Amino acid sequence: MKIAVTSTGPDLSSQMDPRFGRCQFFIIVDPETMEFEVIQNPNIAAAGGAGIQSAQLMASKGVKAVLTGQCGPNAFSTLQAAGIQVFTGVGGVVKDAVEQFKSGELKLVSQPTVGPKFGMRGVGSPYVPPGAGLGPGRGMGRGGGMGRGMGAGMGGAPGAVFQPPSVSTKQELEALKKQFEILKEQLDRINQRISDLEKKKKG
């Protein structure tokens, strides 16, 4: 079994990189032997689609699980379509992360943990599922005091102002086309599985 760890450096003693699509290195490890392969991420400076391309790279390497800090929706759906498990909230040194994986301490996630373009931002924005509200809170402080601060930050570090990166129409179109192809392949596999199960049921 191969697992991929997002890393800031090229060896097992390196600190992990919290980003998936735009991490500096992927370290692909055999957790049984601790033998590893280092891949410098070719998508770190991609204008768009870094998460999808990085996920496809992991699939091409036969990876079965990814250990990282955060994972956006495009990368997550691509990894899921390839049957790759995603473990997020992982930090520290790469070797320690692998040991935590082996001992079952890591959290397997079933949805993205950040929004699109996470790796391109100066600050991380948490994933907001479709339909979730982002209205400003107007809570009254305890003891009858009415706090006047009405923060409207959307998931950045305290005091940070979120500025979405500018993505051209062409880049967005290419990313959406890739996403469509991946989802179509996933649907084709689901349809095939349904067909196989129906044949078994009749048989």
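The model is a predicted one.

Start with the fold. The protein chain has four helices and six strands, and in sequence order they run β-β-β-α-β-α-β-α-β-α. Of its 203 residues, 34% count as buried. Among contacts with a separation of 6 or more, 54% are between residues 24 or more positions apart. The chain exposes about 12200 Å², and carbon and sulfur atoms supply 53% of that.

Now the cores. The largest nonpolar core has 18 residues, and those with the most contacts inside it are Phe 20, Phe 26, Met 58, Val 63, Val 66 and Leu 79. Strand E2 (25–29), helix H1 (50–60) and helix H2 (73–81) each give two or more residues to this core. Take Met 58: leaving aside residues up to four places away in sequence, its contacts include Ala 4, Ile 28 and Ile 84. A second, separate core has 16 residues, including Val 5, Val 94, Phe 101 and Leu 106.

Last, the charged pairs. A search of the whole structure finds three salt bridges. Arg 19 pairs with Asp 17, with the closest N and O atoms 3.0 Å apart. Asp 17 is buried at 2% relative accessible area, whereas Arg 19 is partly exposed at 23%.

Lys 61 and Glu 37 form another salt bridge, at 3.1 Å from N to O. Lys 61 sits in the loop between H1 and strand E4 (65–67) and Glu 37 in strand E3, so this pair ties together parts 24 residues apart in sequence.

Lys 102 and Glu 99 also form a salt bridge, at 3.9 Å. Both lie in helix H3, three residues apart, about one turn of the helix.

How values were computed:
Residues numbered from 1 in each chain as written. Predicted model: local features only at pLDDT ≥ 70, side-chain atom pairs only at ≥ 80, totals over all residues. Heavy atoms only, no water. Core = buried A, V, L, I, M, F, W, Y, C linked by side-chain atoms within 4.5 Å. Buried < 20%, exposed > 50% of the residue type's maximum accessible area, 1.4 Å probe, protein only. Contact = heavy atoms within 4.5 Å. Areas by Shrake-Rupley, 256 points an atom, 1.4 Å probe, with all protein chains shown as cover. Salt bridge = Lys/Arg side-chain N within 4 Å of Asp/Glu carboxyl O.
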